[in-house]
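I opened this notebook to keep a plain record of what I looked up, entry by entry. The structure comes before the notes.

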Amino acid sequence: MSYVAGKELRIVGFLCNWCSYGGADTAGVGRFKQPTDLRIIRVPCSGRVNPLFVVKALLTGADGVLVSGCHPRDCHYSDGNFYARRRLEMLKRLLPFLGIDERRFHYTWVSASEGARWKNVVTDFTKAIHELGPFHQKEEKTA
Amino acid sequence: MTVEKLKEAVRKILPEVDVVIGYRQGFDPLHATPFFMTKPEQVDQLIWNPLCVQNLCSYLPFLKGKVGVIVKGCDSRAIVQYMQEKLIARENVKVIGVPCLRVISVKKVMAAINQQSVQEVTFEGENILVKTPEGQKTIPLADVAPRKCATCQLATPLQYDLLAGDAIQSNKPQDTFEETKEFEKLPLKERRAYWEKEFDRCIRCYACRNVCPMCICQDKCIAESRDPHWTSQRANVTEKSMFHMIHGLHLAGRCISCEECERVCPMDIPVAKIKKKISMDLKELFNYEAGMNPDDTPPLYTFKIEEATIKEHEL
Amino acid sequence: MAETGFLPKEKLPALLDALSKKFQVFAPVFEGDVVLFKRFASGVELCLTRPANLPPKGIIFPQSETLFNVNFKKDPEDLKKTSVELKENLDFAPTIIFGGRPCDAQGFRIYDRVYLETDIADPYYKGRREKTTIVTLACNAPSPGCFCTSVGRGPAENEGSDLMMTELEKGYFFEPITEKGKEILKEGGFEDGSAYKEQAQKAHEKVSALVKKPFATLEGTPEKLLSLFDNNQFWEGETAKCISCGACTYLCPTCYCFNITDEQAGNTGERIRSWDACMFSHFTLEASSHNPRQNKHQRLKNRVGHKFSYYPKKYKGVIACCGCGRCIRYCPVSVDISEIVAHAQGA
């Protein structure tokens, strides 16, 4: 994952196609200013997110992982985000047990019209990760 | 409950099934080993004592035909969990329940006798007597029992078609997850360093995965798949940690806390700790304990529209 | 210079310190209740009282090693042209494996026939093997499950070692087996060992008598096992309790099967050789999806056959099992290979 060494940290985002990705798009159209660290991976639904995606991202170089989906009751597939909520809550409680700061993983619900809210989520999460610093001691060279 | 009652139960069930799985003496006086009986004369070799640690239910999803199996309380949770997940046809399994108050941990006994060779083992009351070249040592069973026995509520198995003996009560304190909570009090850096040190010893032999009654993917386990490529063949802490996360997370809401995984690790990695943490969280969040009630649904297989215990997180 | 050496116990740490300056020294150390071979560092507590959980095979035959690195470079003048740069790593440091047991050292002799004594020697194995000196500690007690004397070895068997040490009351008796072993004796601190030779000999004989014998002889066993090849009922009975993990193979000093995989990300990558285990269900899985050893009785039959039948037939009767007992000790269900062989003999 390329990033601006020294300025950016590696933050990965799993965004559901219908709400959150749309929300991020709305933020873009509205030209809201945001930090540029986040790299987005689009998934059909937050229910597609396997907790192991988050773990793999953190273990293999990410400093923070964000998951965002439709608000509960508004899932494009009716119930995907209900499953996601349970899985991700379980993961959120497990990570600190392994010595991973729970603030490095955040899951939230952002709808397609909430451009301003998306900007705040990204800004606040990026700021939190920068405060925590890199997760891996050695900074790897980019490819 | 004597072993004679157990042999009687096995002889009764043997004509109705293709095989009965029990225990016989292992390679040395301190080990029992699973024993697959197909003929009546084999039943004479059956043993029953605190050496019988293995969870024999792990074989069930892979066996065809009718199978008889001897289960302790902790093992019986596997039968219940299999029923919840429809991994066995319950009518094809004849369960012989055995009341059990505790087993031994071979690792703890070996530590107590200074890793000496074991020449003889006997059980007297609440003690295990071990004879080594250094002499005879009497050790209270409670001192060398695995972690799970101290808070076991299932002295009598949950599921059985035949109970070899009288039903008994456990009279043990409920599990309050003290060990887990104590560990969570350590500073974050220390927790991370602890797991990196423990996982570094891992040799990815997959003994923990294969012995687990709930791990039924075996051939298809994603920890070994090349496509998708979850882990590489590199022997570094990242890959080893990834395997343990895969194993732990795939057992979330399904782990029955038999702690077989920790028993079999040749490198003494406390792998059951992670599963206990997840079990503790799921009990708190969804009031769910795996393997207790055949009509339950594992918590991650289902949802509620309003989740009283999950609050939205603020940044 | 004396033929043999004697080192008082209190001088052992100093010897290892001195050797660490010229070699990378691996010795068995405690990590909790587990004993592992780790890089020796001053002040670390050695374990010489029981064999390590994992044998030192990983020092010469690593669990995972990079055979070469790959770099794809596009030609800036002509983007359609890509050149491939391969970088092998055949640089190996002088090494000492200190404090292994005779059964551990035996493993390397089993590997030598397969990796070295062929028309194309394995350069990675060869490089490490030639730079490694094996200093073995003779056993003073058997371990649970071990049976070395029944497979043509013994608790003080010196084949495969460069220098053999025996623990006596006040120190260690050292006997060189090869030139490499003699080099170690040139270090400071050693006294003349000739007075202790008989004592050491007696100690070896005493332990030898204590080792369990699961079978009287292996005469005719390779052929007997082969004759049972199609006897599915026998093998299914013996292997019913196996759970197909890889604990036995990974912990075995004589197991040498490997897997080669390419790991690539973008323009760089590496080819890795890593341990494989014939007990894994997909060990013989072919690209066509056919699997000749799909059932666990076929796989365990292969493991027993390899050690007690196929290897001896290929290599003049040498049994590929060193009798260390680790597979029995650490098996989750106590599968006992010596018991299987004994049953096969009687079948």
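How far apart do the C-alpha centres of domain 1 of chain B and domain 2 of chain B lie? I found them 25 Å apart.

**Conventions.** The model is predicted, and I kept to its limits: local features need pLDDT of at least 70, side-chain atom pairs count only at pLDDT 80 or more, and totals for chains, interfaces and linings use all residues. Residues are numbered from 1 along each chain as its sequence is written, while chains are lettered from A and ligands numbered from 1 in the order in which they are written.

**Domains of chain B.** I looked up the domain assignment, whose bounds come from an automatic or database source, and it gives domain 1 (1-103 + 147-172) and domain 2 (175-308). Counting two residues as in contact if their C-beta atoms, placed from the backbone, lie within 7 Å, I noted 18 residues of domain 1 of chain B against 20 residues of domain 2 of chain B. On the domain 1 side I listed nine nonpolar, five polar and four charged residues, where Ala, Val, Leu, Ile, Met, Phe, Trp, Tyr, Cys and Pro count as nonpolar, Asp, Glu, Lys and Arg as charged, and the others, Gly among them, as polar.

**Core.** A nonpolar core is a set of buried Ala, Val, Leu, Ile, Met, Phe, Trp, Tyr and Cys residues joined through C-beta atoms within 7 Å; a residue is buried if 20 or more other C-beta atoms lie within 10 Å of its own, exposed if 12 or fewer, and partly exposed in between, with C-beta atoms placed from the backbone. The largest such core has 218 residues, of which Val69(B) and Ile96(B) touch the most other members. Domain 1 (1-103 + 147-172) and domain 2 (175-308) of chain B both give residues to this core, so it lies between them. Leaving aside neighbours within four places in sequence, I found Ile96(B) in contact with several residues, including Ala9(B), Ile13(B), Val69(B), Tyr160(B) and Leu162(B).

**Gln153(B).** I placed this residue in the loop between strand S7 (135-140) and strand S8 (162-163) of chain B, helices (H or I, at least four residues) and strands (E, at least two) being DSSP runs numbered from the N terminus. Gln153(B) counts as partly exposed because it has 17 C-beta neighbours inside 10 Å. Apart from neighbours within four places in sequence, its contacts are Ser170(B), Lys172(B) and Gln174(B).

**Contact of chains B and C.** I counted 31 residues from chain B and 36 residues from chain C. Strand S2 (32-37), helix H3 (106-112) and helix H6 (207-211) of chain B each supply at least two residues of the side that touches chain C. By class, that side of chain B has 14 nonpolar, eleven polar and six charged residues.

**Chain C.** I recorded twelve helices and twelve strands, and 44% of the 347 residues count as buried. An open sheet of eight strands runs in the order S3-S2-S6-S7-S8-S9-S1-S10 (chain C), with mixed pairing, two strands being paired if DSSP finds at least two bridges between them. Strand S3 (34-39) and strand S10 (191-192) of chain C stand at the edges, each with a single partner strand, so one side of each is left without a neighbour in the sheet. Strand S1 (residues 5-8) and strand S9 (residues 171-176) of chain C pair in the antiparallel sense over four bridges, and Pro8(C) has Gly171(C) in S9(C) as its bridge partner.
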